[in-house]
Amino acid sequence: MKTIRILKRSLTITGLVLILPIIGMVFSKEVNWDLLDFLVMGVMLFTTSVLLHYIWFSYTSSKWRYGLIVLALIAFFLLWIELAVGIFN
């Protein structure tokens with residue numbers, strides 16, 4: 001039951017965040033996403049959200065909890081930046 005609640009919450013968060021580029025595409029020509037962009041970002045957001053939930057509820061030590069959350073967010077943003085502009089090439 002708890003797992004289903006976490007998955008529903010993660011899907012809701014992912015959907016709400018993916019509404020932002022849709023709004024951007026309506027009002028600006030600068031935002032130009034296709035279906036693959038939405039799929040990749042959706043998978044990245046969903047995976048990161050589930051991982052953050054897992055870290056938050058699995059670790060009781062504050063140092064480990066916050067350290068792993070920061071590490072997960074850094075990994076998410078580095079992957080996002082690499083896919084967007086290719087900083088490592």
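In the predicted model, Arg65 is buried yet forms no salt bridge. The nearest side chain of opposite charge, that of Glu82, lies 30 Å away. Arg65 belongs to helix H3, which covers residues 62-85. The surroundings of Arg65 include an aromatic ring: the residue lies over the face of Trp56, at 4.3 Å from the ring centre. When residues up to four places away in sequence are not counted, Arg65 touches Ile55, Trp56, Tyr59 and Thr60.

Aromatic pairing was also examined. A pair of aromatic rings is described by the distance of the centres and the angle of the planes. The count comes to five aromatic pairs. One aromatic cluster is formed by Phe76, Phe77 and Trp80.

The buried residues in H1 include Ile6, Ser10, Thr14, Leu18, Pro21 and Gly24. An α-helix has 3.6 residues a turn, so residues three or four places apart point the same way. Helix H2, spanning residues 35-58, is included in what covers the buried residues of H1.

The loop between H1 and H2 contains Glu30. Glu30 counts as exposed because its relative accessibility is 72%, above the 50% cut-off for that class. Glu30 and Leu7 are separated by 23 residues in sequence and by 32 Å in space, C-alpha to C-alpha.

Methods. Residues are numbered from 1 along each chain as its sequence is written. This is a predicted model: local features need pLDDT of at least 70, side-chain atom pairs count only at pLDDT 80 or more; totals for chains, interfaces and linings use all residues. Side-chain values use heavy atoms; hydrogens and water are left out. Buried means under 20% relative accessible area, exposed over 50%, partly exposed in between (1.4 Å probe, protein chains only). Helices (H or I, at least four residues) and strands (E, at least two) are DSSP runs, numbered from the N terminus. Contact means heavy atoms within 4.5 Å. Rings of Phe, Tyr and Trp (its six-membered ring) pair if their centres lie within 6.5 Å; planes under 30 degrees apart count as stacked, over 60 as edge-to-face and the rest as tilted. A charge sits over a ring if NZ of Lys or CZ of Arg is within 6 Å of the ring centre and within 35 degrees of the ring normal. Lys and Arg count as positive and Asp and Glu as negative; His and the chain ends are not counted. A salt bridge is a side-chain nitrogen of Lys or Arg within 4 Å of a carboxyl oxygen of Asp or Glu.
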